[in-house]
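This report describes selected features of a predicted model.

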Number of protein chains: 4
Amino acid sequence: MSVNKVILLGRLGQDPELKYTPGGAAVCNFSLATTEAWTDKSGQKQEKTEWHRVVVWGKLAELCNQYLAKGRQAFLEGRLQTRSWDDKDGNKRYTTEILASTVQFIGGASAGANNNAGVDSSYAQAPAPAQEYQIASDASFAADDIPF
Amino acid sequence: MSVNKVILLGRLGQDPELKYTPGGAAVCNFSLATTEAWTDKSGQKQEKTEWHRVVVWGKLAELCNQYLAKGRQAFLEGRLQTRSWDDKDGNKRYTTEILASTVQFIGGASAGANNNAGVDSSYAQAPAPAQEYQIASDASFAADDIPF
Amino acid sequence: MSVNKVILLGRLGQDPELKYTPGGAAVCNFSLATTEAWTDKSGQKQEKTEWHRVVVWGKLAELCNQYLAKGRQAFLEGRLQTRSWDDKDGNKRYTTEILASTVQFIGGASAGANNNAGVDSSYAQAPAPAQEYQIASDASFAADDIPF
Amino acid sequence: MSVNKVILLGRLGQDPELKYTPGGAAVCNFSLATTEAWTDKSGQKQEKTEWHRVVVWGKLAELCNQYLAKGRQAFLEGRLQTRSWDDKDGNKRYTTEILASTVQFIGGASAGANNNAGVDSSYAQAPAPAQEYQIASDASFAADDIPF
DNA sequence: TTTT
DNA sequence: TTTT
């Protein structure tokens, strides 16, 4: 038995990037900032921003690419995942990402976000009862093609 | 923007009950106990059990009925929902339930649980990447028939 | 082992109510609305609001009374708790509440909220690292010494 | 407004490590494994383990060192935090950790775990109502007076 | 790199 | 590196 759960509400630092694997699976990557603010002992306002790498697969990846953009807010749930890769010097490097399973788009289409102009998108999908934040699994989903 | 999220890990007090609406939608109800234990100031062990009413719809309802039983453990996520109804004296009454969107079955088939004997069910469904805890929406799902 | 966790982000329907028990413990009650919005099959925008009863104890209760008001947003975490009581006809009645352990105040002081005018209150308390959302903090904690 | 929340239930891969900063602040580090299991399309059982670096500060750090050990289970909540550091070749490297704010110890003392033999520790601390998972508690809190 |  |  184990639980691996992440919940984030933050703002995108850049437009999302959508790619497709050779097998045709959609993957969307974006970075999300969460900021905490507090007043320190000396009464000084403090602020600290954390950046999170988010990965989304399948149909939800395409929706994220469509509805999200730099500066937009997103509320998401997912799990932590650490991938390893080799850098240019042959060293093992690790990257921790949030593999998002649900993404909720917050706020209206902002001017300048040319990939979601005028779209109403308070949720990633029509909320079928009890699955409202979820995306039904994509029938054409090429699981064997996904590298994790 | 709002968030309404519940996460529970507990044990069923009774076998789950499965019903179907006139429109054919499956609904599964069960109660789940969560217990907290602590040692009080006088060094005495204390324990308090909370009971939660859980509701599940669609295909996941049928899986819960199949894999869960009295005494079994479940880890679930969902949202809070308060229904009103009229009691026998015509008074408005309220019941708060957890509308579960994902249910993870914990532990093997226990003796006496005749509806899941020998079944391997660590998850409610095959974990398609990034949707691993989710149930794809039931194509024959009669949303109009669901009373909420 | 069990988990009983609630996470809510919503808006207060009324000003919070602060009381004290005979023993002097502070209790704050308020109701919080979470609203979900979606577009139904016919393209119609739908919206559903859920009301949650929230209870807070101790110092955090006083902070909630000070910083929250009707219409203000709050992000909170807590656990579910169902209390029973007897109604006027001697019937057993049950009320489910969220016993909040952390409350984060969102947004600046709104006009008309005369109990928090001009107050900066993005968090319920000074966020000592790693305990930032929590109430009490260890007096001997050497915050300046912690490298983050 | 932002949310940065992690919830993990897993098992320690090694004994925790406790250190103190020059200023005297306690820091505890350990790695936690979460494992997901599922049955793939061909009916084959699959399993994937994720390792998480956890950091705990202050009094809770000392409790973790006291009650946790290799192989023990822990349920924790915290937030994501990515630290940067320079490797031996002068390259910027990043490590993502979970800064835990609450840790719940699961299961009894196991043989071989010589730092928690016979200790009852279902929670990290005495669960003052509504703050049960939290570290410090208000000394003037009238627990006997609270009606739950 | 976001935003307030 | 854990565990079932």
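## The second largest pocket

Lining the second largest pocket are 31 residues, and those nearest its centre are Tyr94(A), Thr95(A), Thr96(A), Tyr94(D) and Thr96(D). The volume of the second largest pocket is about 880 Å³. Because the model is predicted, the totals for linings use all residues.

Two chains supply the elements that give at least two residues each to this lining: strand 4 (45-57), strand 5 (73-86) and strand 6 of chain A, and strand 4 (45-57), strand 5 (73-86) and strand 6 (92-106) of chain D. Strand 6 of chain A contributes the most, with 7 residues. Sorted by class, the lining of the second largest pocket holds 10 nonpolar, 11 polar and 10 charged residues.

## The largest pocket

The largest pocket has a volume of about 1,300 Å³. Its lining is made up of 43 residues, of which Tyr94(B), Thr95(B), Thr96(B), Glu97(B) and Thr96(C) are the closest to its centre. From chain B, the elements that give two or more residues to the lining are strand 3 (26-39), strand 4 (45-57), strand 5 (73-86) and strand 6 (92-106); from chain C, they are strand 4 (45-57), strand 5 (73-86) and strand 6.

Which strand provides the largest share of the lining of the largest pocket? That share, 8 residues, comes from strand 4 of chain B. By class, the lining of the largest pocket divides into 17 nonpolar, 15 polar and 11 charged residues.

## A lysine in chain C

Lys5(C) is located in strand 1 (residues 3-12) of chain C. Is Lys5(C) buried or exposed? Its relative accessible area is 7%, and a residue counts as buried when this value is under 20%; Lys5(C) is therefore buried.

The side chain of Lys5(C) takes part in polar contacts with two glutamates. One, of 2.8 Å, joins it to the side chain of Glu77(C); another, of 2.6 Å, joins it to the side chain of Glu77(D). With neighbours within four places in sequence left aside, Lys5(C) is in contact with Lys5(B), Val6(B), Ile7(B), Leu8(B), Glu77(C), Gly78(C), Lys5(D) and Glu77(D).

## Aromatic pairs

A pair of aromatic rings is described by the distance of the centres and the angle of the planes. Over all chains, the count comes to 4 aromatic pairs. One of them is formed by Tyr67(A) and Phe105(A); this pair is tilted, with 5.4 Å from centre to centre and 45° between the planes. The pair links distant parts of the chain, as Tyr67(A) belongs to helix 1 (residues 58-67) of chain A and Phe105(A) to strand 6 (residues 92-106) of chain A, 38 residues apart. Tyr67(A) and Phe105(A) are both buried.

In chain C, the ring centres of Tyr67(C) and Phe105(C) lie 5.4 Å apart and their planes are at 45°, so this pair is tilted. Tyr67(C) is in helix 1 (residues 58-67) of chain C and Phe105(C) in strand 6 (residues 92-106) of chain C, so that the pair links distant parts of the chain, 38 residues apart. Both Tyr67(C) and Phe105(C) are buried.

## The make-up of chain A

Chain A contains 1 helix and 6 strands. Read from the N terminus, the order of its elements is β-β-β-β-α-β-β. Chain A has 148 residues, of which 52% count as buried. Among its contacts between residues at least 6 apart in sequence, 59% join residues at least 24 apart.

Definitions and conventions:
Residues are numbered from 1 along each chain as its sequence is written. Chains are lettered from A and ligands numbered from 1 in the order in which they are written. This is a predicted model: local features need pLDDT of at least 70, side-chain atom pairs count only at pLDDT 80 or more; totals for chains, interfaces and linings use all residues. Side-chain values use heavy atoms; hydrogens and water are left out. Rings of Phe, Tyr and Trp (its six-membered ring) pair if their centres lie within 6.5 Å; planes under 30 degrees apart count as stacked, over 60 as edge-to-face and the rest as tilted. Helices (H or I, at least four residues) and strands (E, at least two) are DSSP runs, numbered from the N terminus. Buried means under 20% relative accessible area, exposed over 50%, partly exposed in between (1.4 Å probe, protein chains only). On a 1 Å grid over the protein atoms alone, a cavity is a set of points where a 1.4 Å probe fits but cannot get out, and a pocket is an open set with protein on both sides within 12 Å along at least five of seven lines; lining residues have an atom within 4 Å of a point. Grid points are joined across faces, edges and corners, and a volume is the space filled by probe spheres set on the points. Ala, Val, Leu, Ile, Met, Phe, Trp, Tyr, Cys and Pro count as nonpolar, Asp, Glu, Lys and Arg as charged, and the others, Gly among them, as polar. A polar contact is a pair of N or O atoms within 3.5 Å; within protein, one must be able to donate a hydrogen and the other to accept it, and residues adjacent in sequence count only if both atoms are side-chain atoms. Contact means heavy atoms within 4.5 Å.
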